[in-house]
Amino acid sequence: SLTGASQLNDSLYTNPAASGFTQVYSVDGAFQMPKTFAVSILDTRTSGIGGAIGYFRKQNDVAVKATQGAKLGFVSKVGEGIAFGAAGKVIWGPNSDGADANLKDIDTGILANYSMFQFGLVLRNTLGGDAKMDQTREWGSGARIGWEDTLFLNVSTLSRWESVAPYQYGI
């Protein structure tokens with residue numbers, strides 16, 4: 001539910017524009033049993049264009065082989081309250097047929113930041129994706145309202161590219 005929220009390293013995987021209003025150098029990692037993890041490095045401090053690099057490995061429930069991927073992203077403010085980001089990705093591992101497959105694609109995003117309100121839009125797998133790897137074209141939208149940088153409400157939707165009907169909601 002963070003498509004419309006300013007954030008740090010997670011922006012590489014949710015909305016590439018979401019770190020556009022930060023000024024940090026950050027290293028982050030997450031681990032989930034069994035053998036699922038993600039690591040990333042984010043730098044939005046050293047120049048006007050921020051960069052991020054990440055690697056993930058997800059152990060599949062059915063397949064013996066894990067799905068792995070690497071992402072490289074860039075973010076920049078394009079106005080006082082607007083940030084744009086893009087992240088190229090390479091994903092490899094078993095597809096739904098169990099055969100080895102790989103995908104090269106791009107995710108793009110935009111985030112509008114108006115003090116206590118934030119709105120975001122992300123287009124995933126812009127070049128087409130791969131349905132057999134569960135990576136179809138989709139778009140997500142989200143919003144965040146915050147109070148005193150203490151209490152936040154995030155809402156988001158995720159829809160297939162060819163259908164406006166959201167199939168996933170988040171709060």
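Strands β3 and β4 each put at least two residues into the lining of the largest cavity, with strands taken as DSSP E runs of at least two residues, numbered from the N terminus. The model is a predicted one, so to speak of local features takes a pLDDT of at least 70 and side-chain atom pairs count only at 80 or more, while totals for chains, interfaces and linings use all residues. Residues are numbered from 1 along each chain as its sequence is written, and side-chain values use heavy atoms, leaving out hydrogens and water.

A search of the whole structure turns up one cavity of 30 Å³ or more. A cavity here is a set of points, on a 1 Å grid over the protein atoms alone, where a 1.4 Å probe fits but cannot get out, and lining residues have an atom within 4 Å of a point. The volume of the largest cavity comes to about 50 Å³, counted as the space filled by probe spheres set on the points. β4 gives the largest share of its lining, three residues. Among the lining residues are Leu42, Gly51, Ala52, Gly73, Phe74 and Val75. By class, the lining has seven nonpolar, four polar and no charged residues, with Gly counted as polar and Ala and Pro as nonpolar.

Phe74 also turns up on the outside, in a nonpolar surface patch with Tyr25, Val27, Ile41, Ile49, Ile53 and Leu72, about 720 Å² of accessible area together. Patch members have over 30% relative accessible area and no salt bridge, with nonpolar side chains joined within 5 Å; areas are Shrake-Rupley values with a 1.4 Å probe. β1, β3 and β4 each supply at least two patch residues. Ile41 sits in β2 (residues 36-43) and, at 36% relative accessibility, counts as partly exposed, between the buried (under 20%) and exposed (over 50%) limits.

Methods
Patches are made of residues with over 30% relative accessible area and no salt bridge: like charges are joined within 9 Å, nonpolar side chains (Val, Leu, Ile, Met, Phe, Trp, Tyr) within 5 Å. A salt bridge is a side-chain nitrogen of Lys or Arg within 4 Å of a carboxyl oxygen of Asp or Glu. Helices (H or I, at least four residues) and strands (E, at least two) are DSSP runs, numbered from the N terminus. Buried means under 20% relative accessible area, exposed over 50%, partly exposed in between (1.4 Å probe, protein chains only). On a 1 Å grid over the protein atoms alone, a cavity is a set of points where a 1.4 Å probe fits but cannot get out, and a pocket is an open set with protein on both sides within 12 Å along at least five of seven lines; lining residues have an atom within 4 Å of a point.
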